[in-house]
Every structure is written in structure tokens, then in C-alpha cells.
Amino acid sequence: MRRVVVTGLGLVTPLGCGVETTWSRILEGRSGAGTITRFDASRLATTYACEVPLGDGSDGTFNADDFVEPKERRKIDEFIVYGLAAATQAVEDAGWADPSEEEKLRTGVMIGSGIGGLNSIAETAYLIRDKGPRRVSPFFIPGSLINLISGQVSIRYGFKGPNHAVVTACSTGAHAIGDAARLIRDDDADVMLAGGAEAAISEIGIAGFNACKALSTKRGNAPETASRPYDTDRDGFVMGEGAGIVVLEEYEHAKARGATIYAEVIGYGLSGDAYHITAPSEDGDGAERSMRAALGKAGLEPAAIDYINAHGTSTMADVIELAAVERMMGEAAGQVTMSSTKSMTGHLLGAAGAIEAIFSILAIRDQVAPPTINLDDPAVETAIDLAPNARRERRIDIALSNSFGFGGTNASLLFGKVA
Amino acid sequence: MSDIADRVKKIVVEHLGVEEDKVSDSASFIDDLGADSLDTVELVMAFEEEFGIEIPDDAAENIQTFGDAVKFIEDAQ
């Protein structure tokens, strides 16, 4: 069986641009939340979000010019800009920017998004209403389509292997990484760029999730305290934006070229709830089957898991996932650390599973579990260590990352340390 | 250079990200200025917007150089 390892990472998150910037701030327990600055949010029930910090690139800010030329940026929605930026970082990190022509044929891309060019769609609809259909840009469609990150990345680097994109709401990033790993395992490619991107912090995006009663609304005076998974006072998720992308590579291929190997993808599980369009099944059955499927692929027992990066969105559903993990872990529950990094990044929707996979990989690299911040008054008692407000230095050989999406779509990724 | 030519040149420079001195009368949008077919559609739309004119599709197909664009717009005014 062909083994799949991670050899490159790229991040654009509300905590900053770049993997090390984001990760150091995660370990410090910093919040990326604040009052919305990109547009006038005063008509909305939620006036705060986790926006990517924009700037000239210094102090971890995101400068789009560093990744995409201004004239090209005009033609693409922001989610593609984030995706291209994270992909560029990951490719450079892996040392795979300029492989041979033959190697390019064996390099593919699978980068998804939960919603895609939502803001471009809204703006174009206004344009048609106000000025008529003749004013619609020829770049509207190719600048909004979800698979156009995969397309753009392949064009930028000449990667001519499988070109695919995942759309499974908040499980997108995790499904992309898991499915891409299988393409390598099944010998469709030797190297895959995989992950997710999202840029839905816009009036239509916030209004839509507000209508679903999914977003936090009560903490406009202190947005940095709004994302509080497992806490009694949680009242919904805080929307985030950005992208996370990994380079996956067949193990022998990575070893032969002396690549830095961060971790191995040792398991991937999927399941469906078949229950409700927005709510997870109350017994957490779908979540549990997804996690168990990932363990099954790795041939491991639950007790082998050291760290779980929870889906944990700061909604009522947090305790459903927690109960499923408790059930699965059984007597080993007291040995595992499980945290929600969404307490710091907010919920990046289609990018969440990808950035959280990267945090799980870095937890293995650095032997430290990120904290769950704003966890002051736990809603339930549990034997599981939720790392409230402080990171945990501990042994982490095996890490699990969970993602669950609207429609009842579940994915679990299992990463293992490579000796 | 006429006022119209100046305004057309400004649009071309902005949309295609090219140096101003490359935009000569005979410069082809596609062959010389790096545009693709979608870029040329957008350019024509930008001319329509700037000059408050309508450029029918068959006329747009004949606008291949900077000079073609300036001449078409001067005639349409």
C-alpha cells in the first residue's frame, strides 16, 4: 500500500498570514475576532467576525500583492486569492515549485470551498439590477466557481495531474485532504495540493448564517470572547475566513528527494447523518462513525489518539461531538486532549477542516496541543482534557481532526508521527 | 493625442497592466499586450462604460488594436 505524508503547509487565517505566524499566535491563545471592517455591518444581527488582518505583509498581515498581481486580483473573488496565497506558501515550503515536466504530470490539485464566490455573486446581482446584464464581467463566472482555485493553482505551477475540488460545507477542507490522499494511495498522482478556502464575511454571508441562527450575536462589545466552544455562555459560531493548504506526497517519493516530512495521513473516515439540513444528529452517531472509520483505516484503537482537534464551533452542537468522543474513547477518555482552535480562528467554513488539519500536524511536530480559549465555565463535565485557556505540552504521536458540515456530512482525518 | 485616445489608453493600461509606451496605435490587445479573449470582452465593456456608447458584438470583433478602439469610439461620438 502506498503511504501518504505531508511535506508542505500554507496558511492564511484571521491570526495572520503564514504557518509560523498563525501557529505561534494559536499557542499564545490569541483571538482573531473583531468588529467587522470590510463592509458596513450595522444592519446585521452579528457585527463581528474573524477577518484576515490586511496590511503590507509586516507583523503577519496579509498583503495580497505578495501572491497575486493586482490586475489578476480584479478578476477573482477573495476566496481564490486566499487559496492561491496558501497554495503558494505550501508549494514553496515543500520545495515543489519547479519539478520536472514528468513530475508535473503526476502532481494534482484538490482545493475546495464551502460557498465559493458568494460576495461576487451578490455584487453581480446588484449590477444586473442597477445597470443591466450587459455590464456583467466575463470574469464573473471563472472568478466565482469553487474549482477555480484548483484551476488557478494548476495554471500557476503547471501541475497537470488530477484537478478536482470538494464542496461539502464545513467538511470541505477535511474531505479534500482525505480524498487527495486516496488519489495518491491509488496511484493517480504522486503529489497533491489539497485544502480549502473561504471568504464569506460579507453582508449576504452573515445575513444567511444569521437567518439559520448559527452565528453568535451577543458579544458585539467584546468580539474576542464570542467564540467560546464548550462554554455555558456560547451563543453561536463566529465567522472566519482564509485558507489552509497542504502538500501531500507519496512516502517513498518524499524520502527519495529528501523532503521535510511533517506527518503521515494514517486514516480518513467519512459518514453521513441522514438527519437534518443544518443540525447534527442529536446522538452524535454520524460523528462517531466518522471517527471510528478513520481509526479503522489506520488499524488503531481509540486509546491510541493523543490529540483531537474538535469541530467545536461554539454552538449547541459542541456537546454532541464531545459525547461522541467520550463514548468512543471509553476508559481512555482521561488520556486524550481535545481542543477547539475555532475559539481563536472563528469558523472558516470550507477552509476550517484544512487549517485544523494543519494545526493537528503542527501539534505532532511540536508536541503541544493548542488551547481552547474563552472556556471559563464548561457546559458539561467531562474526563476529556479540553485544554481550557492554556496549551498543553504533551506527547502527541497520533492526532485526529474532525469536521462536520451542513447537510450532515462528516469527515475525520487521522495523522501520525513519522519516526 | 486626442482626449479620447488618452482615456482609452488609461483603460488599457489599467486593465491589462501594461506600460503606457507599449500602447501604440498598431498594438494588438491579444498579440502585443497580453490580453486573452475574456480580457478583450472586458475592455470593450470598459469602453462602453467610459464613453456611454454601445459597441455591438460584430463591431467588437473588429476592434483588435488600440488604434481600432480609438477610431471606433471617435466615429461613434
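**View 1. A salt bridge within chain A, between A:Arg43 and A:Glu203**. A:Arg43 pairs with A:Glu203 in a salt bridge whose closest N and O atoms are 3.0 Å apart; the term denotes a side-chain nitrogen of Lys or Arg within 4 Å of a carboxyl oxygen of Asp or Glu. The two partners are 160 residues apart and join distant parts of the chain, A:Arg43 lying in the loop between β3 (34-35) and β4 (48-49) of chain A and A:Glu203 in helix α8 (residues 203-211) of chain A. Helices (H or I, at least four residues) and strands (E, at least two) are DSSP runs, numbered from the N terminus. Over all chains, the salt-bridge rule gives a count of 40. Side chains of opposite charge can pair when their charged atoms come close.

The model is predicted, with pLDDT of at least 70 required for local features and 80 or more for side-chain atom pairs, whereas totals for chains, interfaces and linings use all residues. Residues are numbered from 1 along each chain as its sequence is written, chains are lettered from A and ligands numbered from 1 in the order in which they are written, and side-chain values use heavy atoms, with hydrogens and water left out.

**View 2. The two domains of chain A**. Chain A is divided into domain 1 (4-263) and domain 2 (268-416), with bounds taken from an automatic or database domain assignment. Taken over C-alpha atoms, the centres of the two domains are 21 Å apart. Domain 1 of chain A contributes 68 residues to the contact and domain 2 of chain A contributes 62, contact meaning heavy atoms within 4.5 Å. Between them the domains bury about 4900 Å², 66% of it on carbon and sulfur atoms; buried area is the accessible area (1.4 Å probe) that two parts lose on being put together, summed over both.

**View 3. Polar and charged pairing between the domains of chain A**. Three salt bridges are counted between domain 1 and domain 2 of chain A. The side chains of A:Glu20 and A:Arg365 meet in a salt bridge at 3.0 Å, N to O. On the side of domain 1 of chain A that touches domain 2 of chain A, the elements giving two or more residues are β1 (4-13), α1 (19-28), α7 (172-185), β7 (191-198) and β8 (242-250) of chain A. The largest share of this side, eight residues, comes from α7(A).

**View 4. The interface of chain B and chain A**. Here 13 residues of chain B are in contact with eleven residues of chain A, and the two chains bury about 1100 Å² between them, 43% of it on carbon and sulfur atoms. Six salt bridges are found across this interface. B:Glu49 forms a salt bridge with A:Lys131, the closest N and O atoms being 2.9 Å apart. On the side of chain B that touches chain A, α1 (3-16) and α2 (37-51) of chain B each supply at least two residues, and α2(B) gives the most, with seven residues.

**View 5. B:Ser37 in helix α2 of chain B**. An unreviewed UniProt entry lists B:Ser37 for "modified residue: O-(pantetheine 4'-phosphoryl)serine". B:Ser37 is found in helix α2 of chain B.

Key: Polar contact = N/O pair within 3.5 Å; in protein donor to acceptor, adjacent residues only side chain to side chain. UniProt positions renumbered as here; feature names shortened; annotations may be inferred.
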